[in-house]
Amino acid sequence: MSEKEFDKFATNYDAVLAGAMPPGMAENVYFAEYKIKLINQQLKERAPERILDFGCGPGRSIEFLASYFPRAEIWGFDVSEDSVKQARANNPNAKFVLDMDEIQNQEFDLIFAANVFHHIPKSEQSDALKACARVLKESGVMYIFEHNPYNPVTKRIFERCPFDVNAVMLPRSETVSIARGAGLELDKSGYTLFFPAQLSFLRFVEPWLSAIPMGAQYYVRLRRSR
Ligand SMILES: C[S@@+](CC[C@H](N)C(=O)[O-])C[C@H]1O[C@@H](n2cnc3c(N)ncnc32)[C@H](O)[C@@H]1O
(Lines give C-alpha, C1' and ligand atoms only; values in the text may rest on other atoms or scores of the structure.)
Protein backbone atom coordinates (compact mmCIF):
# COMPACT_ATOMS: atom_id res chain seq x y z
CA MET A 1 0.00 0.00 0.00
CA SER A 2 1.40 3.38 -0.95
CA GLU A 3 1.81 5.88 1.85
CA LYS A 4 -0.96 8.10 0.46
CA GLU A 5 -3.45 5.25 0.33
CA PHE A 6 -4.32 5.79 3.99
CA ASP A 7 -5.77 9.16 2.92
CA LYS A 8 -8.90 7.33 1.86
CA PHE A 9 -9.39 5.82 5.32
CA ALA A 10 -8.90 9.11 7.20
CA THR A 11 -12.59 9.71 7.87
CA ASN A 12 -13.90 6.14 8.03
CA TYR A 13 -10.95 4.39 9.72
CA ASP A 14 -12.94 2.90 12.62
CA ALA A 15 -15.79 1.70 10.41
CA VAL A 16 -13.40 -0.04 7.97
CA LEU A 17 -11.56 -1.71 10.84
CA ALA A 18 -14.81 -2.81 12.49
CA GLY A 19 -16.02 -4.22 9.16
CA ALA A 20 -12.99 -6.52 8.95
CA MET A 21 -13.60 -8.04 12.39
CA PRO A 22 -15.65 -11.20 12.96
CA PRO A 23 -19.07 -10.56 14.57
CA GLY A 24 -18.81 -9.42 18.19
CA MET A 25 -15.06 -8.76 18.04
CA ALA A 26 -15.01 -5.12 16.90
CA GLU A 27 -13.83 -3.32 20.02
CA ASN A 28 -12.07 -0.38 18.44
CA VAL A 29 -11.98 1.75 21.58
CA TYR A 30 -10.67 -1.13 23.68
CA PHE A 31 -7.97 -1.92 21.09
CA ALA A 32 -6.83 1.70 21.02
CA GLU A 33 -6.87 2.16 24.80
CA TYR A 34 -5.30 -1.10 25.99
CA LYS A 35 -1.90 -0.22 24.50
CA ILE A 36 -1.68 3.11 26.30
CA LYS A 37 -2.93 1.53 29.53
CA LEU A 38 -0.18 -1.10 29.30
CA ILE A 39 2.50 1.57 28.68
CA ASN A 40 1.17 3.63 31.58
CA GLN A 41 1.32 0.62 33.90
CA GLN A 42 4.87 -0.21 32.82
CA LEU A 43 6.27 3.31 33.02
CA LYS A 44 4.60 3.99 36.38
CA GLU A 45 6.35 6.98 37.98
CA ARG A 46 8.46 7.69 34.85
CA ALA A 47 5.60 9.51 33.08
CA PRO A 48 6.86 10.80 29.72
CA GLU A 49 6.93 14.56 29.20
CA ARG A 50 7.20 14.46 25.41
CA ILE A 51 5.50 11.79 23.31
CA LEU A 52 5.61 11.07 19.57
CA ASP A 53 2.84 8.97 18.02
CA PHE A 54 4.69 7.67 14.94
CA GLY A 55 2.20 6.74 12.20
CA CYS A 56 -0.62 8.31 14.19
CA GLY A 57 -3.27 7.82 11.47
CA PRO A 58 -6.47 9.71 12.31
CA GLY A 59 -5.18 10.04 15.88
CA ARG A 60 -7.33 7.60 17.81
CA SER A 61 -4.50 6.80 20.26
CA ILE A 62 -3.79 10.45 20.97
CA GLU A 63 -6.86 11.00 23.13
CA PHE A 64 -5.72 8.08 25.34
CA LEU A 65 -2.12 9.30 25.42
CA ALA A 66 -3.48 12.68 26.57
CA SER A 67 -5.72 11.19 29.24
CA TYR A 68 -3.12 8.76 30.68
CA PHE A 69 -0.27 11.31 30.43
CA PRO A 70 -2.07 14.63 30.98
CA ARG A 71 1.11 16.65 31.45
CA ALA A 72 2.83 15.43 28.29
CA GLU A 73 3.36 17.40 25.11
CA ILE A 74 2.06 15.13 22.35
CA TRP A 75 3.16 15.07 18.73
CA GLY A 76 1.82 12.99 15.88
CA PHE A 77 3.56 12.06 12.64
CA ASP A 78 2.09 10.34 9.61
CA VAL A 79 2.82 10.25 5.89
CA SER A 80 -0.91 10.48 5.07
CA GLU A 81 -1.91 14.13 4.88
CA ASP A 82 -5.65 13.46 5.21
CA SER A 83 -5.07 11.25 8.25
CA VAL A 84 -3.07 14.02 9.91
CA LYS A 85 -5.82 16.53 9.07
CA GLN A 86 -8.32 14.24 10.81
CA ALA A 87 -5.98 13.64 13.76
CA ARG A 88 -5.54 17.40 14.18
CA ALA A 89 -9.32 17.98 14.12
CA ASN A 90 -9.81 15.23 16.73
CA ASN A 91 -6.91 16.39 18.93
CA PRO A 92 -6.52 20.17 18.77
CA ASN A 93 -4.00 20.26 21.63
CA ALA A 94 -1.49 17.95 19.96
CA LYS A 95 1.11 19.00 17.37
CA PHE A 96 1.53 17.27 14.03
CA VAL A 97 4.11 16.88 11.28
CA LEU A 98 4.11 15.18 7.89
CA ASP A 99 7.88 14.96 7.68
CA MET A 100 10.21 13.55 10.36
CA ASP A 101 12.87 16.07 9.27
CA GLU A 102 10.73 18.83 10.78
CA ILE A 103 11.33 17.38 14.26
CA GLN A 104 14.85 16.04 13.79
CA ASN A 105 16.22 18.38 16.49
CA GLN A 106 13.62 17.39 19.06
CA GLU A 107 13.74 14.65 21.68
CA PHE A 108 10.98 12.41 22.97
CA ASP A 109 10.71 10.35 26.17
CA LEU A 110 8.22 8.01 24.54
CA ILE A 111 7.78 7.06 20.90
CA PHE A 112 4.71 4.97 20.19
CA ALA A 113 4.07 3.15 16.89
CA ALA A 114 0.87 1.09 16.74
CA ASN A 115 0.29 -1.15 13.73
CA VAL A 116 2.48 1.02 11.52
CA PHE A 117 5.61 -0.93 10.58
CA HIS A 118 3.83 -3.67 8.63
CA HIS A 119 2.62 -0.89 6.30
CA ILE A 120 6.14 0.38 5.63
CA PRO A 121 7.89 -1.37 2.73
CA LYS A 122 10.62 -3.71 4.02
CA SER A 123 13.32 -1.70 2.26
CA GLU A 124 12.26 1.43 4.23
CA GLN A 125 11.66 -0.03 7.69
CA SER A 126 15.23 0.38 8.87
CA ASP A 127 15.38 4.06 7.84
CA ALA A 128 12.03 4.71 9.51
CA LEU A 129 13.36 3.21 12.76
CA LYS A 130 16.61 5.16 12.45
CA ALA A 131 14.55 8.37 12.18
CA CYS A 132 12.81 7.34 15.43
CA ALA A 133 16.11 6.46 17.12
CA ARG A 134 17.48 9.93 16.27
CA VAL A 135 14.69 11.68 18.18
CA LEU A 136 14.50 9.23 21.10
CA LYS A 137 15.94 10.67 24.29
CA GLU A 138 18.92 8.81 25.78
CA SER A 139 16.66 7.72 28.65
CA GLY A 140 13.57 7.33 26.45
CA VAL A 141 11.69 4.25 25.24
CA MET A 142 9.99 3.33 22.00
CA TYR A 143 7.03 0.95 21.97
CA ILE A 144 6.11 -0.85 18.75
CA PHE A 145 2.83 -2.78 18.68
CA GLU A 146 2.32 -5.19 15.79
CA HIS A 147 0.01 -8.01 14.76
CA ASN A 148 1.18 -11.49 15.69
CA PRO A 149 1.43 -13.44 12.38
CA TYR A 150 1.21 -16.75 14.26
CA ASN A 151 -2.25 -16.09 15.69
CA PRO A 152 -4.88 -17.61 13.32
CA VAL A 153 -7.61 -15.07 14.20
CA THR A 154 -5.24 -12.16 13.58
CA LYS A 155 -4.28 -13.72 10.27
CA ARG A 156 -7.92 -14.02 9.23
CA ILE A 157 -8.70 -10.39 10.14
CA PHE A 158 -5.52 -9.23 8.40
CA GLU A 159 -6.56 -11.01 5.21
CA ARG A 160 -10.01 -9.37 5.29
CA CYS A 161 -8.96 -5.84 6.22
CA PRO A 162 -8.86 -3.34 3.31
CA PHE A 163 -6.00 -1.50 5.10
CA ASP A 164 -3.76 -4.52 4.76
CA VAL A 165 -4.00 -5.33 1.05
CA ASN A 166 -0.28 -4.80 0.47
CA ALA A 167 0.94 -5.00 4.05
CA VAL A 168 3.22 -7.80 5.26
CA MET A 169 2.99 -8.87 8.89
CA LEU A 170 6.16 -8.55 10.92
CA PRO A 171 7.07 -11.36 13.32
CA ARG A 172 8.45 -10.19 16.66
CA SER A 173 11.95 -11.53 15.88
CA GLU A 174 12.10 -9.50 12.67
CA THR A 175 11.03 -6.30 14.43
CA VAL A 176 13.76 -6.81 17.03
CA SER A 177 16.35 -7.49 14.34
CA ILE A 178 15.44 -4.36 12.30
CA ALA A 179 15.49 -2.32 15.49
CA ARG A 180 18.97 -3.61 16.37
CA GLY A 181 20.24 -2.48 12.96
CA ALA A 182 18.75 0.95 13.60
CA GLY A 183 20.61 1.39 16.91
CA LEU A 184 17.79 0.30 19.23
CA GLU A 185 18.00 -2.61 21.66
CA LEU A 186 15.25 -4.73 23.14
CA ASP A 187 14.29 -3.69 26.66
CA LYS A 188 11.06 -5.66 27.14
CA SER A 189 8.44 -7.41 25.06
CA GLY A 190 5.24 -9.39 25.37
CA TYR A 191 2.20 -10.81 23.62
CA THR A 192 -1.21 -9.22 24.18
CA LEU A 193 -4.92 -9.65 23.36
CA PHE A 194 -5.50 -13.30 24.23
CA PHE A 195 -9.25 -13.12 24.84
CA PRO A 196 -12.03 -11.77 22.59
CA ALA A 197 -14.90 -9.63 23.89
CA GLN A 198 -16.99 -12.71 24.73
CA LEU A 199 -14.27 -13.83 27.19
CA SER A 200 -13.33 -10.36 28.41
CA PHE A 201 -13.81 -11.45 32.05
CA LEU A 202 -10.57 -13.46 31.62
CA ARG A 203 -8.49 -10.49 30.46
CA PHE A 204 -7.18 -9.81 33.94
CA VAL A 205 -4.80 -12.81 33.54
CA GLU A 206 -3.26 -11.53 30.29
CA PRO A 207 -0.18 -9.96 31.94
CA TRP A 208 0.77 -13.48 33.14
CA LEU A 209 0.42 -14.92 29.64
CA SER A 210 2.59 -12.35 27.90
CA ALA A 211 5.46 -14.78 27.20
CA ILE A 212 3.17 -17.14 25.24
CA PRO A 213 3.46 -16.34 21.51
CA MET A 214 -0.28 -16.78 20.85
CA GLY A 215 -1.73 -13.33 21.63
CA ALA A 216 -3.30 -11.44 18.72
CA GLN A 217 -0.64 -8.73 18.99
CA TYR A 218 2.77 -8.21 20.53
CA TYR A 219 4.79 -5.24 21.67
CA VAL A 220 8.48 -4.55 21.86
CA ARG A 221 9.92 -1.85 24.09
CA LEU A 222 13.17 -0.48 22.71
CA ARG A 223 15.96 1.73 24.05
CA ARG A 224 18.86 3.36 22.32
CA SER A 225 21.74 0.87 22.14
CA ARG A 226 24.53 1.55 24.61
C1 LIG B 1 -3.15 0.80 10.42
S2 LIG B 1 -2.77 2.49 10.47
C3 LIG B 1 -2.42 2.72 12.19
C4 LIG B 1 -2.76 4.13 12.65
C5 LIG B 1 -2.61 4.37 14.14
N6 LIG B 1 -1.26 4.13 14.59
C7 LIG B 1 -3.58 3.52 14.93
O8 LIG B 1 -3.15 2.63 15.67
O9 LIG B 1 -4.79 3.77 14.83
C10 LIG B 1 -1.16 2.59 9.76
C11 LIG B 1 -0.65 4.01 9.61
O12 LIG B 1 0.73 3.94 9.21
C13 LIG B 1 0.96 5.05 8.37
N14 LIG B 1 2.21 4.87 7.62
C15 LIG B 1 2.42 4.17 6.48
N16 LIG B 1 3.71 4.29 6.09
C17 LIG B 1 4.32 5.09 7.02
C18 LIG B 1 5.66 5.59 7.18
N19 LIG B 1 6.62 5.31 6.30
N20 LIG B 1 5.92 6.37 8.24
C21 LIG B 1 4.93 6.67 9.13
N22 LIG B 1 3.66 6.23 9.03
C23 LIG B 1 3.35 5.46 7.99
C24 LIG B 1 -0.29 5.10 7.50
O25 LIG B 1 -0.43 6.32 6.82
C26 LIG B 1 -1.37 4.82 8.54
O27 LIG B 1 -1.87 6.01 9.08
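Which backbone nitrogen lies 3.0 Å from a polar atom of the side chain of Asn-151? Point 2 has the reply; here is a friendly walk through the structure.

1. Some ground rules to begin with. This is a predicted model, in which local features need pLDDT of at least 70 and side-chain atom pairs count only at pLDDT 80 or more, while totals for chains, interfaces and linings use all residues. Residues are numbered from 1 along each chain as its sequence is written, and side-chain values use heavy atoms, leaving out hydrogens and water.

2. The nitrogen in question belongs to Thr-154. Asn-151 itself sits in the loop between strand S5 (136-147) and helix H6 (152-160); helices (H or I, at least four residues) and strands (E, at least two) are DSSP runs, numbered from the N terminus. The side chain of Asn-151 also reaches the backbone oxygen of Met-214, at 2.7 Å. With a relative accessible area of 9%, Asn-151 is buried, because buried means under 20%, exposed over 50% and partly exposed in between (1.4 Å probe, protein chains only).

3. For contrast, have a look at Pro-213, in the loop between H8 and strand S7 (217-224). Pro-213 counts as partly exposed, at 42% relative accessibility. Its C-alpha atom is separated by 12 Å from that of Pro-152, 61 residues apart along the chain.

4. Next comes the ligand. Of the 16 residues around the ligand (a heavy atom within 4 Å), Tyr-13, Gly-55, Arg-60, Asp-78 and Ala-114 come nearest. A polar side-chain atom of Arg-60 lies 2.7 Å from a ligand oxygen atom, and one of Tyr-13 lies 3.2 Å from a ligand oxygen atom. Ala-114 brings a backbone N or O atom to 2.9 Å from a ligand nitrogen atom. The protein covers 95% of the 600 Å² of accessible area that the ligand has on its own (Shrake-Rupley method, 1.4 Å probe).

5. Finally, the second largest pocket has a volume of about 470 Å³, the space filled by probe spheres set on grid points joined across faces, edges and corners. A pocket is an open set of points on a 1 Å grid over the protein atoms alone, where a 1.4 Å probe fits, with protein on both sides within 12 Å along at least five of seven lines; lining residues have an atom within 4 Å of a point. This pocket is lined by 17 residues, and Tyr-34, Leu-38, Gln-41, Glu-206 and Pro-207 lie nearest its centre. Helix H2 gives the largest share of the lining, seven residues.

Note on methods
A polar contact is a pair of N or O atoms within 3.5 Å; within protein, one must be able to donate a hydrogen and the other to accept it, and residues adjacent in sequence count only if both atoms are side-chain atoms.
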